[in-house]
Amino acid sequence: MHTSTPLYISTINLSETDLKIFQVALDLIEDEGVACKVLPIQDTRGHLVVIDMDSTDSETILNSLRPGQVKLVLSPRHMKGTNLVSIKKPIRVDSFKDVLLKICNKMYGQIGTSATPSHVTLPASPSGFAGFMQQLIQIKNNNQYCIIHLQNRQDLVIDGERQMLLSRESFENIISSNLSLFEQAKIELLSEKLSQSDMGNTTMTALAGFLWELAVKTSESILPAGVGEESKFSLKAWPNFTRHGFKPEHLKIAALLAKQAVSINTITEKTGLEQPLVQQFVNGCYAVGLLNLNSKLTAKSQNKPVDVEKKTLMKRLAYKLGFA
Amino acid sequence: MIENLTKIVFTGPVGAGKTAAISAISDVPPVSTDVACSGDEKKIKKTTTVAMDYSYIKLDDGRVVHLYGTPGQERFNFMWEMLTRNGIGLVLLVNNDNPDPVGQMEFYLDAFDSFIKETGVVIGITRMGISDQAGIMDYQLKLMERDQVVPVFEIDGRSSDDVRILIQALIAMLSV
C-alpha cells in the first residue's frame, strides 16, 4: 500500500479522550500500510484536518482552512461542505478508523506516492507577523519550549511550561522593536528546556504579558487569521490591565465587548475610536486567548442605554481621578 | 434620578486591602473603625475593620462620591445590604493568600449578586506576588464558568495606580 509518502494530519480542539481514540484508530490504519504523520496539536497545516466542533473557536478555524485541505469534523450534528466529512460524536475507534482509512486512501490518489517523506512539502504556514504570532500562541497553548532567533539581536527563549519569556535584553527594548524584526524571526522548537547555564543572565517576563504587548504595540493593525472587520466577537474575560500595558480607550472597548458580540466596525461606530486602536486591542486579546470568535452573545435586555445623568457623573468621576 | 448620596462599595474578606484601596483614591484618609484582631484573624493582620470604612471623592460640580468599605467578617453581613443602597458599583478585593481565594471570590459574588446585576463589579486580587494559591487565569476561568465577563485584575491594594485602574474599569462598565 502507501508506505512512502506520509499524509500529514492536523488535530484541532480534540479532547484528551478523542485524541486517544484518534491515536488508536491511526495505529490501526498504519497496520494496513497507510503512512500518516500527526502534526503538533492545533497546527492547522495538515493535508487532513481533524477538528472537534464543540469548541467556540472551531468554526472560525474551520472557515480559515484552505479549500484544498480535507476536513474531518467531529460534531454532534451532521455537517456538509466541500472536502468535508462529518463524523457524529461520540466517536468510536472502529468507525473512526473506517472513515480515516477511506479518506486517506482517497487522498493518496491526490498527493501521490512517489516522493520520499523528506520531500513532502508541508502547506505553508501563515507568513509574516501574523504567522509569527500564531506560532507563538500555539507554543504557549501547547506548553512547549522554543528559541526565537532575532536578526542581529539576542535570542529569546520561551518556557511554555512555566509560561515565561526569558531574555537577555530588557522587555521594553524588545517590545519597542520594529515589526520587521519579528517578521524575519526564526522559531526553533526545543524538545526540552534549556538549562540555566545555557541561558546565562536572563530576565523573566510572563509570556501572556509579552504576547499582549507584542500584539498591541507592534502588530500595526494586522488582524489575526479568521478575524475580519465585520466578524463579530466578544470577550471571554477582561485582560489583566494592571499588569499589561494598556490605553484608557482599551477599557471602553473591553466594557463593550464584555456585554455583546460586535464587529470592529461597530466598535468604532459606537465608541468613536479610531480603527487601528480597536484592531490593536483585538490583536492583544487574541494573542492571550481572551477573544471569543464564535460568540452569539447579545446585549441583555436590562442593558438599556445609560441615562445622561449617570454618564455625566461617570465623566466627572473619571475627570476627578485623572482618567479623562 | 441619581441621588446626591452616590456610593462605591468596597468589599472582600479580612486582609484583602479594602481600607488601603479606599485610601488610594479618596480625597481624605478614610475613617475606619479598626480594632485589634482576635482569633484566626490575628494571624492575618493586627487590626481589622468591624463596622465600615468611609471616605469620599468630591467632584468638580460639588457632588460627592462616597466610598464605603464593608467589614470583612462574614458575621457582619447584615450590614452589606444596607451599605449597598444607592451604590453605583462594587469593588471586590480578594486576598490570594487565602486558602481558597477563588472560593472567596465566588462567595462575595453570590452574596452581592442582586447589587451586581443592578450595577457592576470589578475584582482586584491582592497579594499575588507573595502567594501562588491561584493565578489570574484561575479567577478568569471561574468567572467564565459563571458566565460573568467582569474585570479581574492583579492589584497591590497599596498602589493608587492599581486601584485607579480598577475604578477606571468600573466607570467604563457603567458608561456603556
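Where in chain B is confidence lowest, and where is it highest? In this predicted model, the mean pLDDT of chain B is lowest in helix α2 (residues 41–44) of chain B, at 58, and highest in strand β6 (residues 121–126) of chain B, at 97.

**View 1. Confidence in chain B and in the model.** Chain B has a mean pLDDT of 86, and 86% of its residues reach 70 or more. For the model, the scores are ipTM 0.87 and pTM 0.70.

**View 2. The parallel sheet of chain A.** Five strands of chain A, in the order β2-β1-β3-β4-β5, make up an open sheet with parallel pairing. Because β2 (36–38) and β5 (84–88) of chain A stand at the edges with a single partner strand each, one side of each is left without a neighbour in the sheet. From one strand to the next the twist averages 20°. Within this sheet, strand β1 (residues 7–12) and strand β3 (residues 48–52) of chain A run parallel and are joined by four bridges, and Ile12(A) stands opposite Ile51(A) in β3(A). Helix α1 (residues 16–31) of chain A packs on the sheet, where it touches β1, β2, β3 and β4 (70–75) of chain A, and its direction makes about 160° with that of β2(A).

**View 3. The antiparallel sheet of chain A.** Strands β7 (residues 156–159) and β8 (residues 164–167) of chain A pair in the antiparallel sense over four bridges, with Val157(A) standing opposite Leu166(A) in β8(A).

**View 4. The surroundings of Ile148(A).** Ile148(A) lies in strand β6 of chain A and, at 0% relative accessibility, counts as buried. Although Ile148(A) and Ile187(A) are 39 residues apart in sequence, their C-alpha atoms are 4.6 Å apart in space. Beyond its neighbours within four places in sequence, Ile148(A) is in contact with residues including Phe132(A), Leu136(A), Leu156(A), Ile158(A) and Ile187(A).

**View 5. The nonpolar cores.** The largest nonpolar core has 110 residues, of which Phe210(A), Trp238(A) and Ile123(B) touch the most other members. Helix α7 (residues 160–174) of chain B gives the largest share of this core, 10 residues. Apart from neighbours within four places in sequence, Phe210(A) is in contact with Leu136(A), Leu156(A), Leu165(A), Phe171(A), Ile174(A) and Ile175(A). A second, separate core of 23 residues includes Leu7(A), Ala25(A), Leu26(A) and Leu100(A).

**View 6. Helix α9 of chain A and its packing partners.** Among the buried residues of helix α9 (residues 248–259) of chain A are His250(A), Leu251(A), Ile253(A) and Leu257(A). The buried residues of α9(A) pack against α8, β11 (234–235), α10 (264–271) and α11 (275–287) of chain A, together with α7 of chain B.

Definitions and conventions. Residues numbered from 1 in each chain as written. Chains lettered and ligands numbered in written order. Predicted model: local features only at pLDDT ≥ 70, side-chain atom pairs only at ≥ 80, totals over all residues. Heavy atoms only, no water. Pairing = 2+ DSSP bridges. Helix = DSSP H or I, 4+ residues; strand = E, 2+ residues; numbered from the N terminus. Core = buried A, V, L, I, M, F, W, Y, C linked by side-chain atoms within 4.5 Å. Buried < 20%, exposed > 50% of the residue type's maximum accessible area, 1.4 Å probe, protein only. Contact = heavy atoms within 4.5 Å. Axes fitted to C-alpha atoms, helices over the stretch in contact; angles between N-to-C directions. pLDDT = per-residue confidence, 0-100.
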